[in-house]
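Look over the sequence and the structure shown below.

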Amino acid sequence: MEVKKYKLLLVNPVNHLAKGFVCDPSTSYMPLGLGIIAALTPDHWEIEFVDESFEEFTFRPADLIGLTAFTANAVRAYEIAAMYREKGIHTVMGGIHASMMTDEVREYVDTVISGEAETVWPVFLKDFEAGTPKVHYDGGVTPVELIPKVRREIFHYPYVYDLIQTSRGCPMGCDFCSVTQLCGKQYRERPVEDVLDELEEMERPMLFIVDDHLVNNTRHARQRAIRLFKGMVERGMKKLWFGQASINFADDDEVLHWAAKSGCTLILLGIEAETKQALTDMKKRLNLKRGVDSYEIGMKRIHKHGIAVLGAMIFGMESDGKADLFARRDFILRSGMDAIQSSIMTPLPGTGLYYRMKAENKIVLNNFPNDWQHYHFMHATIGTSKMSRQELEKTMRDVWWSMYNKDNIRKMMFKTLWRTRNFKAAYWVYGTNHNYGRIVLESEINDKPDGLNRNMEFNSGKRSLYLKLTDYVLMLFYAISWNKMKERMTGRYVPARK
Ligand code: B12
């Protein structure tokens, strides 16, 4: 009997209010979740994938449309779903927002899949084919052995990075973060050999290991990390990679040695804040336990191996006033951090922070779902005990400018070169700070004569003497080793087709 063919459309919607952030090839990343959904879909389904970071979605025919969405992109997902529902085409949505706001999402799509989808997607497809799809399936957390390799051939856009996930779950449960709510507290590790096999199939030279807590705080986890990094070296993979970890990443020199050898060039550390009060506000227990003094020591150990540090910092904790924000900025600039991710504290749905703020009636931008579009960490959605939402946002513009102006990020790049003796790390750091600057100062980017352009230079042509002089040094660096890096990082790299 001939098997009926179906067409599945998988879409990554993009928040149109944050264009500058997501629509630049250098800051667009493949949505791994959809690659997993594709891998779980049987062969009699044709799959088409559209990523709005590269092209605006317009209607195209399909039997089923599957949407993923971060909270900030949920409204756009609903708009796309509406185009299909009005034509009677079944819509299904999964991912973090669908998992945290399941009841809301049910109003906008036909089926919601909450939690990890590995166990329930095949069940849903069978039900769909039988004409009896349910309104809600909950996948909970998936046993690691059921996580398939990502079906990467659907990602046909020129992404700069390949992404891979080697573990799920985070034992820390910080107040502002939704990872524990989605992936659970239990740290689940994929077998190292499976991860290495998957890595070997990946063609891009730049890699982002998306694990939330790359090296867990146990001896076993450190040994696993060593096996993974050593395996990458032994299999001759020439990757340049960055990943996300906590300050305990710096504990073990052998981990750092093999991380560096396998191409680790930049590591994000969840530092968040520099005072006990702020760390207590956000329940960042690991950092409280280790003490703020441990940051500098940890960063020095990491630098010794030629790896640069991207500090993840949060502004706008409940105890923060204006002076605290500038004090945090000063701490960052003298801390030894190479690149800075500076977010405004945002009550993401499903987090402890969200429920507390909601109960205390402190969420100011609460006209949902529309206001979800502001939940991307660059807008203030709540105030603090000392500042209104508007004051916080206004102060952050000054803080951001003082960190991400071109003079400062260039100085930071030279410092990184000095600390790591690694040109690639220095260049990566420069690019990262430049991108973050563009993201957070997006509203300053315009065509007016005194405005900033996308290169974060003034349209008037005004440049400091420092910038003019260091341009020559940069040119020399380009000549030595950066031209290749630049090519890889600006999205011009197109993987060879097999
Ligand atoms: C990689 C990553 C990024 C990448 C983007 C990658 C991408 N294009 O998806 C980058 C660095 C750009 C990024 C940016 C941001 N991120 Co981010 N990111 C992650 C991270 C670490 C991993 C995501 C991932 O790849 N997971 C692996 C895949 C396999 O899992 P998954 O996507 O959850 O998919 C599974 C299920 O959810 C489900 N599923 C997913 N989609 C679909 C669709 C259908 C149809 C179905 C049926 C099922 C399904 O099935 C999959 C398999 O089980 C997560 C943390 C996490 N653990 O999820 C944070 C996370 C998603 N990010 C978060 C945030 C807040 C942000 C930022 C707003 C802020 C910031 N400072 O980081 C920006 C905003 C970006 C934007 N576009 O608006 C939050 C999102 C919370 C929320 N409610 O929206 C998370 C959860 C982290 C956190 N601390 O809470 N991020």
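Domain bounds here come from an automatic or database domain assignment. For this protein that assignment gives domain 1 (6-144) and domain 2 (160-442). The centres of domain 1 and domain 2, taken over C-alpha atoms, are 27 Å apart. This is a predicted model: local features need pLDDT of at least 70, side-chain atom pairs count only at pLDDT 80 or more, and totals for chains, interfaces and linings use all residues. Residues are numbered from 1 along each chain as its sequence is written.

**Contact between the domains**

- Domain 1 puts 23 residues into the contact and domain 2 puts in 28 residues, where two residues are in contact if their C-beta atoms, placed from the backbone, lie within 7 Å.
- On the side of domain 1 that touches domain 2, helix H1 (19-22), helix H3 (74-85) and H4 are the elements that give two or more residues.
- Helices (H or I, at least four residues) and strands (E, at least two) are DSSP runs, numbered from the N terminus.
- The residues on that side of domain 1 are 16 nonpolar, six polar and one charged.
- Ala, Val, Leu, Ile, Met, Phe, Trp, Tyr, Cys and Pro count as nonpolar, Asp, Glu, Lys and Arg as charged, and the others, Gly among them, as polar.

**Overall form**

- The protein has 19 helices and 14 strands.
- Its C-alpha atoms fill a box of roughly 75 × 55 × 50 Å along the principal axes.
- Of the contacts with a separation of 6 or more, 74% join residues 24 or more positions apart.
- Of the 498 residues, 46% are buried; a residue is buried if 20 or more other C-beta atoms lie within 10 Å of its own, exposed if 12 or fewer, and partly exposed in between, with C-beta atoms placed from the backbone.

**Helix H18**

- Helix H18 (residues 423-440) has 18 residues and reaches 26 Å from its first C-alpha to its last, close to the 26 Å expected at 1.5 Å a residue.
- The expected span is 1.5 Å times one less than the number of residues.
- Because 16 of its 18 residues are buried, H18 is largely enclosed by the rest of the structure.

**Shell around the ligand**

- Among the 41 residues around the ligand, Gly33, Gly66, Thr68, Gly94 and Gly95 come nearest; a residue is near a molecule if its C-beta atom, placed from the backbone, lies within 6 Å of it.
- Domain 1 and domain 2 each supply at least three residues of this shell.
- H2 gives the largest share, five residues.
- The shell has 25 nonpolar, 13 polar and three charged residues.
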